[in-house]
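Good morning, and thank you for joining. I would like to take a few minutes on aromatic side chains and on one part of the surface.

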Amino acid sequence: QGEPTRGAMASTLTTPRTLPALVGVHESPPCKMCKPSAKPLNWFAVRVSWLPPADVAFGGPQGRGMRSTIDGFRLRWRALGPDDKLIGEFVLVDNEWPPETHQATIKWLKGGHHYVFEVVAFNDTGEGDWSDPSEPFEMPGAHTCVSDRSIDPNGLINGSAGVHTRGFPLESQPFMGLSRTSDTIDIAWDPPCHRGAPIVGYDVLLSKDPHFGSEGTRELTVSGETTKMVVHDLEPNTTYYFKHRARNEVGASKWSATSDGIATISQPPQQPLPPLRIGDEKTWEPTEITIKWNPPESYGIPIQHYRVRVGTASSMTECRELGVGPLGLSASASPHQKSLTQRSPRRQKIDRINCSQTKLKIQHLRPASDYYFQVKAINQIGDSPWSEPSVAMRTAVSAPARCGQARFVDGSVKEGIRMSWEEPNSYGFSITRYDIRVSQAAMMDLTIGSNVRVVLDVKFVRTARPRGPAIVETTATGCYPPGVDQYYQIRAGTDAGVGEWSPVSAPMQVPPDRPHAPKPPEHFTPLPRAIVVSWEPPYSPGAPVIAYRLRYCTNNQMKDPLEVLGMKGGNTEMAVTGLVPHNSYFFQVAGINSVGCSPWSVVSQPMRVLHTPPLKMGSPFLLSRTQNSITAGFQTPADHGTHDGDMISSYTLLYTLKECLAVKQHSVSPDWRSSSPRHGQSAPPNEAGDEVKCIPDARPEATVIQGLRPGKPIHVCVKGLNEFGESVPSDVATFFTAPAAPDPPPPPVQSETTPWTIALAISPGDDNGSKITHYSLHLERGS
């Protein structure tokens, strides 16, 4: 058997649930539901019914401490083949049902197949468990109908032989039915055994109630010559139940069993009445109209949404169509939008459950204009016809529309700002005035103390255009200083009133000017061959300072000044190098922006470079070594802003073979140049008695210390000297000369003798930096 066609679903939606929120109760997914029941309505539709979950319907299990809310229900179905074998997987129905709904209609399942259904409830925390499958049922075929069966004169069915006792006819057999139109159902049945007396007629009971209560139950009679009839004057999309009995001249049989529900064909909603306007004339608005309408008869199928047409003529030849409900817009809409507004998922959820909405606010209409409206209803069966056009509904008279956004044309500090905007729609009135509102903030804060200024009835010039609105220009004087953002709004006025303020303009500014003269530099940091100069930024109207100029001179008249090169951007600090001691220097500064350069500042106070000895240097480092020498180098200092210590006149290298502390404690007299020892000579001994030697005029790139012993440590430091004194010696670095072979040991000394042995005592010589591993003894017999 083939895979059945997937069903289309009919959703029954109602107003949103109004259960109060539970306080202090833990929310959880709904519990598992009971299995649903399913009954065919006709050859193409089936109705599925269910009960809500127990924890919602009955307030929750005792002692459970929680209660679930329901956001809706979902359905799925599965087909069964021969011997109730499953065909394919469960098919989830696309639609969802609101929490108040307990039944759904599913259409277009394939006839001749058996089906089962499952239902599940869900909320914000998730889905519950799917219910157990419903009892299998067979979807009737499109032409299922019981044909007539022949009855012979003796009361035998199909001519079967036999003798029968005359009496009441036997109980009639169940029959089948089919709805071919929305108000009729064709029914047919098999004739029962007449028990010897020909059947003269049939009685048929029909009712919407399967229990055949007195209200709404009808009884029909048909001749015994037929076993089918067409029942008329029924309601569309309604399920009816039937039972019948046969009559002969002896009496009537028992009533047959109640038939399954047979539904009439569904019919779209009826044509609605024209919409009506809400509110009296005093409440009318210039740009919106609120309409309402009565829901038309929909024959038991809930209306899912409505469509509304808006036109400016009763013929509705040119109109816009709007939606209301789950497939349309919300409670307000605009007929002049090029596309309908997209709704958020939250709004869509509200719309799905608000399909019974029967009023709509149409916005963005034109003032003082007539509009006509039509409405039609839509449910799962189809669309109703459009209603007749409503009576003309006129919008109220309005002040002018909003002006276009103001745009900058040109301006200056003297002339002000010239701006333009598009002329607004005045709805038949002449524009008599324009007002301007200006602020330094785009938010246009109107609270007390804000900087918003309003200028009423400004002078303006109107320029018409062949296409599009006219252009209006005005000049705003008394503007804010250059470089200050200012925002403008415009509004128009007519005899009908004053319109709304236009959108806030983009920021406008009057053209900037060159900076003012800065204050003279007041902050200085003197260095040995440089002075770091700092200054305050000048006032720059309308444009930021992008660069500075700095110059200096040795006289306060600034004759033949020197301008500092390498000034970078807007930095307000600069180190002026190449200066010499014993001179006084005067400084001036100027600022530059996009317009030009400011005047030079007033001359600063005189400043001199710093007079200090060199700074402490870094420790020497080893370049190479031999068994009797060390070659050391050291890094020249970047001393107080000078490049590579170029104020240092010489360097002295100090070394000792003893403790490192001896070098730190030793200092050389300032007049060492006339009395210091030559290379390798000893300096005066220190307090510890260690001998410290010095090498004057040491070279940073390489200085050789000679006359050393192999494998021995040497402790070295360095210091610099300028005309103001000498630096503190650097930290001590310790190096070792290269190791060498050990020195010859002293002669062995006899310590003990026997007739056969001689014991010798051996003293090791200097190992010269490499540990002695063994000794060799030379023995030579004497004469």
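Let me begin with Tyr434, which is buried, at a relative accessible area of 0%. Please keep in mind that we are looking at a predicted model.

The whole structure contains 14 aromatic pairs. One of them joins Trp421 to Tyr434: the ring centres lie 5.2 Å apart, and because the planes meet at 70 degrees, the pair is classed as edge-to-face. Trp421 belongs to strand β26 (residues 416-422) and Tyr434 to strand β27 (residues 433-439), so that the pair links distant parts of the chain, 13 residues apart. Trp421 is buried as well, because its relative accessibility of 1% falls under the 20% cut-off.

A further pair is formed by Tyr552 and Phe587, and this one is tilted, with 6.0 Å from centre to centre and 40 degrees between the planes.

Which charged residues sit over rings? Among them are Arg76, over the face of Phe90 at 4.4 Å from the ring centre, and Arg309, whose charged end is 4.3 Å from the centre of the Trp386 ring.

Finally, the surface. Ile758, Leu760, Ile762, Tyr775 and Leu777 make up a nonpolar patch there, with about 520 Å² of accessible area together. Leu777 counts as exposed because its relative accessible area is 58%, over the 50% cut-off.

Definitions and conventions
Residues numbered from 1 in each chain as written. Predicted model: local features only at pLDDT ≥ 70, side-chain atom pairs only at ≥ 80, totals over all residues. Heavy atoms only, no water. Patch = residues over 30% accessible without salt bridge, like charges linked within 9 Å, V, L, I, M, F, W, Y side chains within 5 Å. Areas by Shrake-Rupley, 256 points an atom, 1.4 Å probe, with all protein chains shown as cover. Salt bridge = Lys/Arg side-chain N within 4 Å of Asp/Glu carboxyl O. Buried < 20%, exposed > 50% of the residue type's maximum accessible area, 1.4 Å probe, protein only. Phe/Tyr/Trp six-rings, centres within 6.5 Å; stacked < 30°, edge-to-face > 60°. Helix = DSSP H or I, 4+ residues; strand = E, 2+ residues; numbered from the N terminus. Lys NZ or Arg CZ within 6 Å of the ring centre and 35° of its normal.
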